[in-house]
Amino acid sequence: MNFSESEESYYLYKEKGYEGEVNFDKWAVPLSVSEKMIFLNDVNLNQNNNHFQVDSFGISSGTLHHFEVKNLVGDYSIDKGKWISPLGNPVKNPLIQVDKTETLLNQLVNSHSIPLTVKSHLILLNPEFHLYNVPSNLPIVYPAQMNRFRTSLLQNSSKIRNADTRAAEKLLALSIGESPYNSVPKYRYDELRKGMVCPGCGEFYAEFKRVLCCGFCGGKECSSDAILRSVEEFRLLFPEVKLTTVKIHEWCGIVKDERTIQRVLRANFQSMGNKRSSYYI
């Protein structure tokens with residue numbers, strides 16, 4: 001579908017943030033593999049009717065490490081406490097968010113008697129980022145410091161204790177699931193372009209064959225796998241709509257024969273109802 005300018009800006013912002021979180025998860029693997037730290041990601045919490053989301057927790061040696069991950073790109077600066085973007089515009093100061101979250105976390109662990117000391121870190125992991133005019137003693141980890149920071153955590157953390165595990169389980173139990181502030185653009189089935197997209201680059205396939213080949217990136221994919229992936233995308237976007245051969249045939253767009261769709265659905269889902277009104281679960 002065609003996004004408005006604000007929707008596209010929001011989507012790109014969320015996509016960039018997600019890429020940063022994925023890269024942080026990869027960076028953190030040695031900490032979890034070594035059994036030095038328990039990680040909880042994308043945890044949504046509520047403290048005194050204040051909803052807040054934490055990118056990543058790391059629990060170790062009685063400390064609750066709060067990681068706020070930012071995937072910023074470009075030359076930023078700080079002027080009288082305000083963060084200035086590469087275009088010279090004021091932007092949200094992520095340290096304010098870090099401070100607010102740390103305050104709420106301290107209130108949360110105290111009110112639920114969770115024996116953890118909160119320690120916050122603003123992770124700026126994109127190598128194309130730089131920050132000028134930085135005051136000293138800020139809880140910031142810069143791209144060039146990431147490996148040394150991880151080494152320090154490994155050296156100063158003991159093996160995960162039972163108390164750490166119990167604390168992690170208690171925090172998970174307090175999670176409220178999806179954030180109430182997620183904003184998904186409104187969409188309707190008839191407004192969306194129908195077709196099958198390459199999983200590698202997101203471009204639409206031009207024609208349907210036994211093996212689909214992307215004309216943009218050259219990626220290849222088995223046709224049955226592509227149909228199944230399209231079914232899952234349809235179910236994600238329209239969970240309330242019954243899964244039928246006709247609907248998926250229309251959704252895939254480039255599949256000429258409905259029987260191709262029907263074979264894949266029969267092989268992977270359970271058929272319900274009679275022939276005229278049958279659907280799959």
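Tutor: Lys209 has a relative accessibility of 46% and counts as partly exposed, where buried means under 20% relative accessible area, exposed over 50%, and partly exposed in between (1.4 Å probe, protein chains only). This is a predicted model, in which local features need pLDDT of at least 70 and side-chain atom pairs count only at pLDDT 80 or more, while totals for chains, interfaces and linings use all residues. Residues are numbered from 1 along each chain as its sequence is written, and side-chain values use heavy atoms, with hydrogens and water left out.

Lys209 forms a salt bridge with Glu207, their closest N and O atoms being 3.5 Å apart; the term denotes a side-chain nitrogen of Lys or Arg within 4 Å of a carboxyl oxygen of Asp or Glu. Glu207 is likewise partly exposed, at 47%. Side chains of opposite charge can pair when their charged atoms come close.

Arg229 takes part in a salt bridge with Glu221, at 2.8 Å from N to O, and Glu221 is buried, with a relative accessibility of 11%. Arg229 also meets Glu233 in a salt bridge, at 3.4 Å, and Glu233 is partly exposed at 28%. Both Arg229 and Glu233 belong to helix H5 (residues 223-237), where four residues, about one turn, separate them; helices are DSSP runs (H or I) of at least four residues, numbered from the N terminus. An α-helix has 3.6 residues a turn, so residues three or four places apart point the same way.

Elsewhere, a network of salt bridges links Arg188, Asp190 and Glu191. The whole structure holds nine salt bridges.

Definitions and conventions. Helix = DSSP H or I, 4+ residues; strand = E, 2+ residues; numbered from the N terminus.
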